[in-house]
Amino acid sequence: MIDTHMHADSRSGEDFEKMYLAGIDTAITCSFYPYRIEHEMILLNHLNRILEFDTKRAREHGLDLKVALGIHPANTNIQPDIIFENLYQWIESKSIVAIGEIGLEDLTESEIDIFKRQLDIADETNSKVIIHTPRKNKSEVLKEIMNIVPEHLDESQAVIDHINPNVIGDAVDSDYMLGLTVQPQKMEKEDAISILDEYGFDRFLLNSDISNKPSDPLSVAKTIRELQRIGYSEIEVNKVSHENAEKFFKLGTI
């Protein structure tokens, strides 16, 4: 199994071990600094910590941790150029599997500008992107994201994450991959399964988005086991268990 979106820097080694023992072999950790950043070097240090330290911590507990790095919309009150310079280096060295998580939260001018610039880097380097959508005003922000992305990047290179039953209708008729986050206060596994049941398994990725907030590190495993228990075919379950993620992020080549 693959958990396609988590925040390893805020989780314990015990969580990594639980995930591994539950059948999650690989996870993708994304960048998000949960506190106000006063200087871009703080964010750069944080991103390097994810790349160099958290991957090692996870590996010690059996979990193969892939990395997505970028400027989260909550961290856009900085001068971003040094982060962009490092993004080019990480992409060139194949240290990251995507730029992420990026996106919009409050639709501020700085958020939108930094989002667009990161989409341009993805287009220039043929990189994948993981796009955040917020808990509040999700529909409004999602529509703005879907207006912006095609002007900068092919939709097929992006996954729009934290899709839920309230907004699935706005995003399903597109070429994006769609991330289903099963997490307390976001979406229960039954809601994710209802989306898969209605729209099929081809365009979806599963993730826990475990972070410093209340989280279940086993939510992906629980969702996969529930799909198996209630009788979905192995072909369908394998798509959201790991195959879609392997193909989209090209994990076999990293």
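1. Secondary structure and overall dimensions. This predicted model contains nine helices and eight strands. Its radius of gyration is 17 Å, close to the 18 Å that the globule rule gives for 254 residues, so the protein is as compact as a globular protein of that length. The C-alpha trace spans about 50 × 40 × 35 Å along its principal axes.

2. Of the 254 residues, 57% are buried.

3. Eight strands make up an open sheet with parallel pairing, in the order 1-2-3-4-5-6-7-8. Strand 1 (2-6) and strand 8 (204-207) are the edge strands, each pairing on one side only. On average, neighbouring strands of this sheet are turned by 30 degrees against each other, direction ignored. In general, strands of a sheet pair through backbone hydrogen bonds, either parallel or antiparallel.

4. Strand 7 (residues 177-181) pairs with strand 8 in the parallel sense, over four bridges. Leucine 178 stands opposite phenylalanine 204 of strand 8. Helix 4 (residues 109-125) packs on the sheet, where it touches strand 4 (98-103) and strand 5 (129-132). The direction of helix 4 makes about 160 degrees with that of strand 4.

5. Nonpolar cores. The largest nonpolar core has 70 residues. Phe115, Val129, Ile131, Ile160, Ile163 and Leu180 have the most contacts inside it. A second, separate core has 14 residues, including Ile2, Ile28, Met177 and Leu251. As a general background, nonpolar side chains tend to be buried together in soluble globular proteins.

6. Leucine 180. Leaving aside neighbours within four places in sequence, leucine 180 is in contact with Asp161, Ile163, Met187, Ala192, Ile195, Leu196, Phe204, Leu205, Leu206 and Asn207. One of these partners, Ile163, is also listed among the residues with the most contacts inside the largest core.

7. Alanine 171. This residue lies in helix 6 (residues 168-171). Because its relative accessibility is 0%, alanine 171 counts as buried. Beyond four places in sequence, alanine 171 touches Leu142, Met146, Ile163, Leu178 and Arg203. Alanine 171 and leucine 63 are 108 residues apart in sequence and 31 Å apart in space, C-alpha to C-alpha.

8. Aspartate 54. This residue is placed in helix 2 (residues 40-60). Aspartate 54 is buried, because its relative accessible area is 0%. The side chains of aspartate 54 and arginine 49 are joined by a polar contact of 2.7 Å. Not counting residues up to four places away in sequence, aspartate 54 touches Ala8, Asp9, Arg49 and Leu65.

9. Arginine 57. Helix 2 also holds arginine 57. Is arginine 57 buried or exposed? With a relative accessible area of 15%, arginine 57 is under the 20% cut-off and therefore counts as buried. Its side chain reaches the backbone oxygen of alanine 8 at 2.8 Å. Apart from neighbours within four places in sequence, the contacts of arginine 57 are Ala8, Asp9, Arg11, Ser12, Gly13, Phe16 and Arg49. Ala8, Asp9 and Arg49 are also touched by aspartate 54.

Definitions and conventions:
Residues are numbered from 1 along each chain as its sequence is written. This is a predicted model: local features need pLDDT of at least 70, side-chain atom pairs count only at pLDDT 80 or more; totals for chains, interfaces and linings use all residues. Side-chain values use heavy atoms; hydrogens and water are left out. Helices (H or I, at least four residues) and strands (E, at least two) are DSSP runs, numbered from the N terminus. Buried means under 20% relative accessible area, exposed over 50%, partly exposed in between (1.4 Å probe, protein chains only). A polar contact is a pair of N or O atoms within 3.5 Å; within protein, one must be able to donate a hydrogen and the other to accept it, and residues adjacent in sequence count only if both atoms are side-chain atoms. Contact means heavy atoms within 4.5 Å. Two strands pair if DSSP finds at least two bridges between them. Axes are lines fitted to C-alpha atoms, for helices over the stretch in contact, and angles run from 0 to 180 degrees between N-to-C directions. A nonpolar core is a set of buried Ala, Val, Leu, Ile, Met, Phe, Trp, Tyr and Cys residues joined through side-chain atoms within 4.5 Å. The radius of gyration is taken over C-alpha atoms; the globule rule is 2.2 Å times the number of residues to the power 0.38.
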